[in-house]
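User: I would like to learn how to read the main features of a protein model. Could you take me through them one at a time?

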Amino acid sequence: MFKLYDDEDIYVSRGCYVSPFAQSILSNKELIDGFMLDGTFKVIKNYVTCIVMCIVKNTGIPVGFSFSTIEDENLYNLVFETFLEITGIGLTNFPIESDEGKNLMKSLNDHKCEHLSCLRHLLANLQKKKYGYEVSKLVSCWCSKDFESLLGIYNSIFANFNSSELKTLENTLNYVGLTFKSKEIDYIDLKRWNEVSMISRAKYSMPSTTNSIESTHGHLNENTPRRNCFFSSIYRLIMSIMNQIHNFNMKMNHNYKKVICDIKKNKEKDLHIEEKCYFYQTKLLSCNCG
């Protein structure tokens, strides 16, 4: 609650901020690989904050945020509506990576967005399911040779399951868009499989997880003081976004060097190097800064 000059009480239920750089960033559509959306609860006291992060060359750039007193689909709808109104560019034109939160997924489905699931959150959900370990290995494969080898091993094992075990297995496989029919694992929902599988992720040039936006949450939460006033928290959040935009080149160079190191390590320890390096080479091309 806030006091106006005439002593009238007012409440701020929700709002959205768009960076002044967002227009120029979003207008270069060929450079943008996609977006990440995720909510955090500590940055603005008594509000849920949704950070909007643009992914360019495998590097995250926060371009705005929305906030609301509760986490519902309106928190995320506000992002799509405000960005379209201010920049004239709809975020629905890009793939959006996130966890699978109920309200966020409802908003993405309502706006008919192409969704990519965070691998870390997906694996956490699979761990709660029986046969989730086996299915998580299929999802995590980014080499087709490894994927085909696992299919051969799992098909021979699953073929000996009884009806009760097969029913449980089927539920877990269906969760990632797969099925077990005629003693073979096959696709039942390609749209869902493309959302979750790392083999499909390479073509999007998007990170496998939402760690970049969650690390931003971590830094913001760490810098949040005990007496976190509303307007000072808004100012602190805006300044953090501006700082990350100005440091984009430094972040991209850091990511580029990391990919180079990953490729070198991969060459030393992997047998199927020609194919296993494809994933890293895709990231390298997306990170290449000259």
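Predicted model: local features only at pLDDT ≥ 70, side-chain atom pairs only at ≥ 80, totals over all residues.

User: How many helices and strands are in the protein chain?

Analyst: Helices (H or I, at least four residues) and strands (E, at least two) are DSSP runs, numbered from the N terminus. The protein chain has 13 helices and ten strands.

User: What share of the residues in the protein chain is buried?

Analyst: Buried means under 20% relative accessible area, exposed means over 50%, and partly exposed lies in between (1.4 Å probe, protein chains only). Of the 290 residues in the protein chain, 49% are buried. Accessible areas come from the Shrake-Rupley method with a 1.4 Å probe, and for residues only the protein chains shown count as cover. The protein chain exposes about 15500 Å², of which carbon and sulfur atoms supply 52%.

User: What percentage of contacts join residues at least 24 apart?

Analyst: A contact means heavy atoms within 4.5 Å. Among contacts between residues at least 6 apart in sequence, 61% join residues at least 24 apart.

User: How are two packed helices described?

Analyst: Two packed helices are described by the angle between their axes and the distance between the axes. Axes are lines fitted to C-alpha atoms, for helices over the stretch in contact, and angles run from 0 to 180 degrees between N-to-C directions. Angles under 35 degrees count as roughly parallel, over 145 as roughly antiparallel, 65 to 115 as roughly perpendicular and the rest as oblique. For helix H4 (residues 119-126) and helix H5 (residues 132-140), the axes come within 9 Å and cross at roughly 160°. H4 and H5 are therefore roughly antiparallel to each other.

User: Which hand does the crossing of H4 and H5 have, left or right? Which residues meet there?

Analyst: A crossing is left-handed if the near helix is turned anticlockwise from the far one by less than a right angle, and right-handed if clockwise. The crossing of H4 and H5 is right-handed. From H4, Leu-119, Leu-122, Leu-123 and Leu-126 meet Gly-132, Val-135, Ser-136, Val-139 and Ser-140 of H5. The residues of this contact of H4 with H5 divide into six nonpolar, three polar and no charged. Here Ala, Val, Leu, Ile, Met, Phe, Trp, Tyr, Cys and Pro count as nonpolar, Asp, Glu, Lys and Arg as charged, and the others, Gly among them, as polar.

User: At what angle do helix H2 and helix H3 pack?

Analyst: Helix H2 (residues 73-87) packs on helix H3 (residues 102-110) at an angle of about 40°, with the axes 8 Å apart. That makes H2 oblique to H3. The crossing of H2 and H3 is right-handed. Glu-73, Tyr-76, Asn-77 and Phe-80 in H2 meet Asn-103, Leu-104, Lys-106, Ser-107 and Leu-108 in H3. The contact of H2 with H3 has four nonpolar, three polar and two charged residues.

User: Is Val-63 buried or exposed?

Analyst: Val-63 lies in strand E6 (residues 59-68). With a relative accessible area of 0%, Val-63 is buried. Leaving aside neighbours within four places in sequence, the contacts of Val-63 include Tyr-17, Phe-35, Cys-54, Phe-83 and Ile-241. Val-63 and Ile-245 are 182 residues apart in sequence, yet 8.0 Å apart in space, C-alpha to C-alpha.

User: Where is His-217 found, and what is it in contact with?

Analyst: His-217 is in helix H10 (residues 211-222) and counts as buried at 6% relative accessibility. Beyond neighbours within four places in sequence, His-217 is in contact with Asp-38, Gly-39, Thr-40 and Ile-51.

User: Which residues does Gln-23 touch?

Analyst: Gln-23, in helix H1 (residues 22-27), is partly exposed with a relative accessible area of 36%. Not counting residues up to four places away in sequence, Gln-23 touches Ile-86, Thr-87 and Ile-89.

User: What is the phi of Asn-58, and of Lys-112?

Analyst: Asn-58 has a positive phi of about 65° although it is not a glycine. Asn-58 sits in the loop between strand E5 (48-56) and E6 and is buried, at 13% relative accessible area. Lys-112, also not a glycine, has a positive phi near 55°. Lys-112 is in the loop between H3 and strand E8 (115-117) and counts as exposed at 70% relative accessibility.

Notes:
Residues numbered from 1 in each chain as written. Heavy atoms only, no water.
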